Structure formats: structure tokens, C-alpha cells
Amino acid sequence: MKQTRGSSPVSNHGCCCCSKALPCSFHGSRDNQMHFLLLQSYFCRQSIQVFHNKYQLCTLSMNGCQGDPKVPLGTIETRTLGAVPSPALAMERLNLAIGDLNATHLLLALALFGCSEGEMGCCHVVNWYPRVPIQQQIEAIEWLHAQDQILPRCFFSGRRRANGSNLLIDITNGNDRSYFAQNLVSVAGVGSAVLFRQLHPFSYDDWRSINRFLSSKCPLIRAYGAIRFDARANISPEWKASGSFYFMVPQVEFDELEGSSMLAITVAWDNALSWTWDEAIDSLEATMQQVASIVLKLRKEASREFIPSNNHIPNKTHWDLAVKRALQIINRSSLPLIKAVLARRSRVLTATNIDPNTWLACLHVEGENAYQFCLQPPNGPAFIGNTPEQLFHRKWLSISSEALAGTRARGGSRTIDLQIEHDLLSSPKDHLEFTIARETIQNKLESVCDRVIVERKKTVRKLQRVQHLFAQLAGNLKREDDEFEILSSLHPTPADCGFPTETARLFISETELFDRGMYAGPVGWFGGGESEFAVGIRSALVEKGFGALIYAGTGIIEGSNLSLEWDELELKTSQVSINVFVFRCNYICASTWMFYGILLHLMCVYVY
């Protein structure tokens, strides 16, 4: 994935949709005539039916990769409207705001853009960002479930950080511009005001194209998305809709905050790409009529379902051969391979639908020390997951990362749990894996940072069902542009690819018989002054009516036991191989979270 600065996109494949009837991107000349308007309330655009009438697809979407990445952002206007007690009232308030905006856009053009209506096409990128706080904390995942027929969609929930547990160096000097961002719990969005998708590997110009739509003045304007594990590998049909990378600035967004919520809308227009102000406003007004404003609590009820089909790639015979070959290469002192992470893809078809939104809601229960995410582009399945592994978190020039390696199950009692923890801490094999991960991350941080802080003592991070060896690292970037360099160099990690990186990647590409897609790739968001990415493990590709592809992997290193590797994969997907527990959502007044642990076993319960 490593790209040199200044590399330019060479592919003309910018459209996010396969159907000619879906104008999701606009193929125009690169120009600086970009206009960007951001509001805050959540709705989606005029829609048409796709996926056998299962979804409504938002039609407004511009591919920001086709713009000129060198053109800087223009004016930012941020407004916080009066707080309201419910999402329905927030929608009403923003409907009024949009009506006023449409009636007075000439005044806005003069006041904000510094030009007349006839000169609107000559303005720089402009952001207008009113937002409506809601006086109650509503779960973003429940809001997203209410919009379950609208695509594209995204969801991201960061880990809850305990006080004093983060090495990230705070250099904001008390700046409170990001008050809402600091209290952000999770985000759900539908529709894409601007998307960023290409078939070529993620480049420096692509990164700049995304960042020109972001500003530290509006920290909640973020581009959510993911990047393929190996951008050089051929893209298989199930991953085509996502391209080599896919990011979206949500058109309609719901922010769950600590103790409150917020509703937001994003409108984008670009005369150079044949999408005018009037068309953008018309689309927004059509969107307002389609997004549900009533959000109800969800209850999960487990039901056992028959699986007509369940198969693995590779099967047991080919897996054993691959692991044996990896160990033979690793044990040859003349060859550089020290560790290889091999994965398996399990396809599960059920007699009834697997709902990605409901699945994600169940994963969201186990939120502490893990990221939950969902990314579903138009005409594509949903990529969902629950990962404990952070790639990096950047705030201004400060950056932090983590070394995570080695896995054990949690014990049934405190005594047993401590015994398992001691075994993990004293294991030579796990210590070697952990040391490789920590030193690799340290070296890559040192290449772009003025200074790096490393936790030398390894500790154990305990999740609800597993525990891992863990240490934090942090540093100060020399400049913010180094964000692209660190993203390119940290991915792929030794925990998810192997070591040395390129040797392990080549071994994986020669050995694995399926496309990992965005499994084990970076997944997260870019924002103005801040960004955060996790590693897309413990994940699945899900689509209503078409089952799920569940990904699991294990690290092969000197000392690995051939007979145990397949058993570890089976442990991770055991509930799938026997039965699938599909969670049906019912709307009720109170929430009872039950049986969620069973579903978590559907996702890889280990770090790989």
C-alpha cells in the first residue's frame, strides 16, 4: 500500500454504482469550482429501488477524487441551532432552516461566498454547518436501524478510553473548539454528500482530496471509510462496490454524544461536475421526506436458524498444507519469513435473512476496548465488525498506536483468569509475536515523529471474552502531512499480515485462494485536525438475503502447532458451523440486551 507523495490517480473508475441508472458520481473536469454546504439534521436524497427493492439508494453523490486536490478549502460557517427534545423536532427545525436557506441563497452567496448568483460557479469550497442538539442520548445504532432501507450507510463507534490510560500527547492547550467531538460516542450516517472511491491504490492525492473537505473549525465533518488489505490484489465480485478504498462524508448523520445527541445534514454541490445549488437543495428536500424521525429501542431475541449452506475457503486439507508450508519456510534460517498470518473465509447461507443492522447492534453491546463499524456502499453488501485493534489515532500533531498480539480466552473464575493471564505473559511464542509488533510500530513512528514514547512493560488487555498482550506507543508528528505516510507504513501490521511485511504479503497472495477485501485493512475516519483508524478484523461481509462471509485468521510463527491452527479457526466460527442465531429486532419501550455473546462468536473472537 505504500505510495510516494504526489502520486496521482490513473484510473477513470470513479463511479460508486454499476447501474447506468444510478448517477452517484459525476464525471467532469478537474476544477476548483467546488461548493460544499454542510447542515446538521439527518435525511437522505431522492431514491430509487435497488437490491430487489430491499434498499433505497440516495442519488446525490460526487466523487471527490475527481476534483483538484491542490485547491484549498474556502469559507467555513458553523451554527448551533437551539436544542430540542427529540429527533422529530430536530428535523422540523432543520426543515425550516433549509427552507430559509433556499429562499435567501442569494444573500448567502454574497455574505458567505463573496459572489453573486451568476458567479456561484467561481467560488472556492464552502462549508455551512448548522447543527441541532437533542436533549437526550439516543443510540446512533438505533437511529441507523430506523433507516435500514437507505444506502449508502456508515457507522463508527470508537473505544471508550479510561482516564489516564492514553499516552496520546495533548497539544491542544485547552482549545475547546472540538467540544462535541470530544463527547462523541458513535456516529451513524446515510447517503453520501461526497464520496471518495477509486480502483487504484489509495494515494497521497486521494488523501489530499479527502482533506480539502475537512476543517478543524468543524471537527464533526468526517470522512468515514476503509481501505483494502492488499490494494495490489485483484478485486473479487463481492468487493467491487467498495473499490480499492471507499470513504463517504455522510449526507445525513446522527451523532450520539455523552448525555445528548445531535442531528446533521450535509449538502454538496459543484457546478464543474454538473451538480448545481438548486439540484442539491431539491435533492435534500426529497431526502427529508424519507428518513424516519421516530427512533425506538431495540430488543434482541435469539432464534435458531437452519443453515442450508456453509463452506470454508480453504478447506481443512488445503489449510493444513498452507500452514505446513509456512512453517517449513519460517524454520529455514536462510529465508527471511518470520511470521505469516493466514486467513479463512467462511460463507454462511441461512434459511432466513441475516440483517446487517441487527447484527451490528448486537456487536455494539460489547463496546469497551473495541471499535464497532459498518460501511455499506451503493450496490454492495455491508462490511461490519467489532475489532479491538487500533491502527492509530491522530490529534493535531500527536499520534498514538498500539501493539496487540497473543490471545487467550477469559477464565470462568478470577483464579482461572489470572492463571491464563500468567500463561500468556510467560509464553515465549506470544512474547516473540508481541515484540515483533511493538518494535515494528516503533520503527515506523520514529521515521515520521520528532519523538516517540513506548510502554516497555507489556500488559494484558482484557476484553469480555478474550485477553491480549498489549502496549501503547505515542509520538509527535513532524507535520500533519505525515498522516498519509504513517497510514501507509503502519498498514499492514505484523499482527494481521506477518513479518517482514512484504515477504509475508507475498506469501499470503501466493497462498490464499480468496480476496480478503477490506478484512484486516484500515477502517475509520479522517477529520479536521484529528483522525482514527482501527484494523478491520473480527469482521464479516453481510447482505440481506445473501448470507454472510465471515473472516478469521491465525498467525503462524516458529513454535506454532499445526494440529491446533484449524481448531482455533473453528473456535472463532463454531456457532456458524453448527447454527446461526439471527437476532430479530422488535420495537419496545425498554431495552433488554440478551444473548449477545452468542453472536459475538460469529465474529472472530481472537485478534486475527
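Select helix α7 (residues 316-331) together with helix α12 (residues 501-511), and you will find that α7 passes α12 in a right-handed crossing, a term used when the near helix is turned clockwise from the far one by less than a right angle. The two helices pack at an angle of about 150°, with their axes 12 Å apart, where axes are lines fitted to C-alpha atoms over the stretch in contact and angles run from 0 to 180 degrees between N-to-C directions. That makes α7 roughly antiparallel to α12, the word for angles over 145 degrees. Now show the side chains of Ala-322, Arg-325, Ala-326 and Ile-329 in α7 and of Phe-507, Glu-510 and Thr-511 in α12, the residues that make the contact, contact being heavy atoms within 4.5 Å. By class, this contact has 4 nonpolar, 1 polar and 2 charged residues.

The model on screen is predicted, so local features need pLDDT of at least 70 and side-chain atom pairs count only at pLDDT 80 or more, while totals for chains, interfaces and linings use all residues. Residues are numbered from 1 along each chain as its sequence is written, and side-chain values use heavy atoms, with hydrogens and water left out.

Next, select helix α10 (residues 428-446) and helix α11 (residues 482-490), which pack at an angle of about 155° with their axes 10 Å apart. These helices are therefore roughly antiparallel to each other, and the crossing of α10 and α11 is right-handed. Ile-441, Lys-444 and Leu-445 in α10 meet Ile-486, Ser-489 and Leu-490 in α11, and the residues of this contact divide into 4 nonpolar, 1 polar and 1 charged.

Move on to helix α8 (residues 356-363), where 8 of its 8 residues are buried, that is, under 20% relative accessible area with a 1.4 Å probe and protein chains only. To follow the fold from here, draw a distance from the C-alpha atom of Ile-354 to that of Ala-548, 194 residues apart along the chain, and the separation is 7.5 Å.

Finish at Ser-539, whose place is in strand β26 (residues 539-542), strands being DSSP runs of E with at least two residues and helices runs of H or I with at least four. Ser-539 is buried, with a relative accessible area of 0%, and its side chain reaches the backbone oxygen of Gly-536 at 2.9 Å.

Technical notes:
Angles under 35 degrees count as roughly parallel, over 145 as roughly antiparallel, 65 to 115 as roughly perpendicular and the rest as oblique. Ala, Val, Leu, Ile, Met, Phe, Trp, Tyr, Cys and Pro count as nonpolar, Asp, Glu, Lys and Arg as charged, and the others, Gly among them, as polar. Buried means under 20% relative accessible area, exposed over 50%, partly exposed in between (1.4 Å probe, protein chains only). A polar contact is a pair of N or O atoms within 3.5 Å; within protein, one must be able to donate a hydrogen and the other to accept it, and residues adjacent in sequence count only if both atoms are side-chain atoms.
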